[in-house]
Amino acid sequence: LTATEVVLPEGITFVIANSLVESNKAVTGPANYNRRVVECRLAAVLLAHHLRKEGTITQDCEISKVRILRDVKKLSGLSYRQLAAKVQEHLHTDPYSTEEVARDVGVEWSSLIDTVMVTKAGYRFDNRNDTFSCYQRYMSPLCVKFSLHPNSCCCQSPPRLLRGTKSF
């Protein structure tokens, strides 16, 4: 996890809000949190596979070792903006089934479960009916990455803190 202080463009307000919706995290937390982890892993594997097919990543790359977007970035040498374009080109917006991901990357469903769909905490997504939002899981952070990163055109001035904010 990395943090970078950025300057918000004039007229932009960053809001943190509480919806007041209660959720029993002890019950829903493990499955919901772990689903996001698995969606990120599946998206990384899918994107790496497509980039290998088009020649952006070398054929000797071990897709099974790809876990996160940073792995795909390192292997491909692409910028985050270029990765966002590749996600839009290669991943569809509809949720992926486990079998669809396995078919797309050319592995058995059970192999995908053993290598990608088990979290460090041991939570397994092994239901054939599960679906995963791979496109959305990557496009959201990529959009934030290249729209608010200090090297982007909207954030060129030196960092400043807005009134009432705290630096961490």
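Me: Let us begin with a single residue. In which helix is E99 found?

Reply: One begins by placing a residue in its secondary structure element. This is a predicted model, and in it E99 is found in helix α4.

Me: Is E99 buried, partly exposed or exposed?

Reply: Relative accessible area decides the class. E99 has a value of 37% and is therefore partly exposed. As for its place in the fold, the C-alpha atom of E99 is separated by 9.0 Å from that of L112, 13 residues apart along the chain.

Me: Which other residues of α4 are buried?

Reply: The buried residues in α4 are T98, E100, V101, A102 and V105. Just after this helix comes G106, with a positive phi of about 75 degrees.

Me: How many helices and strands does the chain contain, and in what pattern do they follow one another?

Reply: The elements are listed as they occur along the sequence. The chain has 6 helices and 2 strands, and their pattern is α-α-α-β-α-α-β-α.

Me: What share of the chain is buried, and what share of its contacts joins residues at least 24 apart?

Reply: These two percentages describe the chain as a whole. Of its 168 residues, 32% are buried. Among contacts between residues at least 6 apart in sequence, 67% join residues at least 24 apart.

Me: How many residues form the largest nonpolar core, and which of them have the most contacts inside it?

Reply: A core is read by its membership and then by the elements that supply it. The largest nonpolar core has 35 residues, and those with the most contacts inside it are L42, L47, V72, L91, M117 and C134. At least two core residues come from each of α1 (25-53), α2 (69-76), α3 (80-90), α4 (98-105), α5 (109-115) and α6 (134-148). The largest share, 9 residues, is that of α1.

Me: Which residues does L47 contact beyond its neighbours within four places in sequence?

Reply: Leaving those neighbours aside shows what the fold brings together. L47 is in contact with V72, L83, K86, V87, L91 and Y138.

Me: Which residues of α2 are buried, and what arc do they cover?

Reply: In α2, L69, V72 and S76 are the buried residues. Their arc is only 60 degrees around the axis, which puts them on the same side of α2. The helix is followed by G77, whose phi is positive, near 75 degrees. L69 itself has a relative accessible area of 11%, and its C-alpha atom is separated by 8.2 Å from that of R41, 28 residues apart along the chain.

Me: How many disulfides does the structure hold, and how far is the sulfur of C40 from the closest cysteine sulfur?

Reply: The test is the distance between sulfur atoms, with a cut-off of 2.5 Å. The structure holds 0 disulfides. The sulfur of C40 is 8.8 Å from its closest cysteine sulfur, in C134, which is too far for a bond.

Me: Are C40 and C134 buried or partly exposed?

Reply: C40 counts as partly exposed, at 24% relative accessibility, whereas C134 is buried at 0%. C134 is found in helix α6. Leaving aside neighbours within four places in sequence, C134 is in contact with E39, L42, A43, L46, L91 and Y96. The C-alpha atoms of C134 and R36, 98 residues apart along the chain, are separated by 9.0 Å.

Me: How many aromatic pairs are there, and which residue lies over the face of Y80?

Reply: A pair of aromatic rings is described by the distance of the centres and the angle of the planes. The structure holds 0 aromatic pairs. K73, however, lies over the face of Y80, at 5.0 Å from the ring centre.

Note on methods
Residues numbered from 1 in each chain as written. Predicted model: local features only at pLDDT ≥ 70, side-chain atom pairs only at ≥ 80, totals over all residues. Heavy atoms only, no water. Core = buried A, V, L, I, M, F, W, Y, C linked by side-chain atoms within 4.5 Å. Buried < 20%, exposed > 50% of the residue type's maximum accessible area, 1.4 Å probe, protein only. Helix = DSSP H or I, 4+ residues; strand = E, 2+ residues; numbered from the N terminus. Contact = heavy atoms within 4.5 Å. Phe/Tyr/Trp six-rings, centres within 6.5 Å; stacked < 30°, edge-to-face > 60°. Lys NZ or Arg CZ within 6 Å of the ring centre and 35° of its normal. Arc of directions from axis to C-beta.
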